[in-house]
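Dear colleague,

Please find the structure below, handed over for your own work. My notes on it follow.

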Amino acid sequence: MANTKCEAAVSSINGRNFSDSSHTVFLSDVHLDASRPAITEQLIAFLNALPVSTERLYIVGDLFEAWIGDDAPGTVGKQLVPVLKALTGRGVEGFFTHGNRDFMIGEKFATLTGFDLLPDEIVIDCYGISVLLLHGDTLCTDDTDYQALRTTLRNPAFQENLMNMSVPQRVDLAQQLRSASTAEMSNKTEDIMDANQTAVVDALNRHEVDVMLHGHTHRPQVHYFDIDARPRQRIVLGDWFEQGSVVFWSDDGFELQSLQRHA
Ligand code: MN
C-alpha cells in the first residue's frame with residue numbers, strides 16, 4: 001500500500017520518471033524524529049518503492065534529527081535500519097555522509113545497514129560526471145559561531161568523552177545543543193546561514209570539479225554560475241519537513257524533485 005502511494009507521488013511530480021533507466025538517488029535533511037511520524041512513514045515508503053533500476057543511494061547527512069551514538073538508535077533509528085538493510089541486501093549500494101545532527105553515526109550503524117560511511121567531502125562519479133558530495137555545513141563559513149561549535153563536536157577527544165557518558169546524559173546534551181542552536185538561529189540573518197560563495201568556489205577548485213551536490217541549508221535549488229569561464233553547478237537538496245526532496249541522476253543527467261506527502 002505504502003509503496004504504491006509513494007511511486008505515484010514520484011511520477012506525478014513535474015519530473016521525469018527515472019524508473020526505466022539505471023539511476024542514483026540522493027537525499028538529505030530528513031531530520032527523522034519520533035515526534036514527526038508522517039516524515040518517517042514517507043521516507044520508508046519512498047525507500048521501499050525504489051525500483052530495481054536504482055543502483056546507488058546517497059544519504060547526504062541529517063537523516064536523523066539527532067543521533068547520540070550507535071548504541072542508542074531510538075525509535076526511528078530502529079525503524080530505519082531494516083529498511084536500509086533491505087536495500088543493500090538486494091544490491092543497492094548505500095552511502096552515508098555525516099550531517100551536523102547525526103555526525104555520531106558510526107561503524108555499527110554502517111555494518112547493520114550495509115551502508116558505507118563517506119568522508120566529509122568526496123568526489124564521486126555520476127554517470128561520467130565528477131560530483132563533489134558534502135553535507136554543506138562547511139560551506140556556511142559566515143556562521144563563525146557554528147563553525148567553532150563544529151570544530152568542537154567533530155574533535156575525536158570530545159566524541160570519545162561523549163560516548164563515555166550515559167545515554168540519558170547524551171540525550172540531555174543533544175537537547176541542550178538543539179535548544180542553543182534554535183535560539184542562535186533566531187538571531188542570525190538568512191544570509192549568514194546560507195552557503196558562502198567563496199567557500200563554494202574554493203571547494204570546487206580544491207577538488208578540481210565543476211559540480212557539487214549538498215544539503216543542509218534547506219534551500220532546494222540548482223545554481224548555475226561560471227568560474228574562470230567554465231560553467232559550474234551547485235545542486236542543493238531540500239529538507240523533508242513539508243515534502244520529500246530528492247535528486248535522481250542517470251545517464252541522461254539529473255533532476256531535483258520534490259515528493260508530495262499525502263495525508
Ligand atoms: Mn545540516
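Is Phe-248 buried or exposed? Phe-248 is buried, at a relative accessible area of 5%; buried stands for under 20% relative accessible area, exposed for over 50%, and partly exposed for what lies in between (1.4 Å probe, protein chains only).

Before the remaining findings, a word on conventions. The model is predicted, so that local features need pLDDT of at least 70 and side-chain atom pairs count only at pLDDT 80 or more, while totals for chains, interfaces and linings use all residues. Residues are numbered from 1 along each chain as its sequence is written, and side-chain values use heavy atoms, with hydrogens and water left out.

Overall fold

The chain has eight helices and eleven strands, taken as DSSP runs numbered from the N terminus (helices: H or I, at least four residues; strands: E, at least two). Its radius of gyration is 18 Å, close to the 18 Å that the globule rule gives for 263 residues, so the chain is as compact as a globular protein of that length. That radius is taken over C-alpha atoms, and the rule is 2.2 Å times the number of residues to the power 0.38. The C-alpha trace spans about 50 × 50 × 30 Å along its principal axes. Of the 263 residues, 49% count as buried. Among contacts (heavy atoms within 4.5 Å) between residues at least 6 apart in sequence, 69% join residues at least 24 apart.

Metal site

The manganese ion is coordinated by Asp-62 (OD), Asn-100 (OD1), His-135 (NE2) and His-216 (ND1), at 2.0 to 2.2 Å. Donors are N, O and S atoms within 2.8 Å of the metal (3.2 Å for Na, K and Ca); water is not among the atoms, so sites may look incomplete. In sequence, the donor residues follow the spacing D-x37-N-x34-H-x80-H. Asn-100 lies in the loop between strand E3 (93–96) and helix H4 (107–113), and His-135 in the loop between strand E6 (129–134) and helix H5 (144–153), so this pair ties together parts that are 35 residues apart in sequence. Both Asn-100 and His-135 are buried.

Aromatic contacts

The structure holds eleven aromatic pairs. Rings of Phe, Tyr and Trp (its six-membered ring) pair if their centres lie within 6.5 Å; planes under 30 degrees apart count as stacked, over 60 as edge-to-face and the rest as tilted. One of the pairs, Phe-46 with Phe-248, is edge-to-face, at 6.3 Å centre to centre and 65° between the planes. This pair links distant parts of the chain, with Phe-46 in helix H2 (residues 37–48) and Phe-248 in strand E10 (residues 244–250), 202 residues apart. Phe-46 is buried, with a relative accessible area of 2%. Trp-249 and Phe-254 form a tilted pair, at 4.9 Å centre to centre and 40° between the planes; Trp-249 is buried at 1% relative accessibility. Ring pairs also join Phe-26, Tyr-58, Phe-95, Trp-249 and Phe-254 into a cluster.

Yours sincerely
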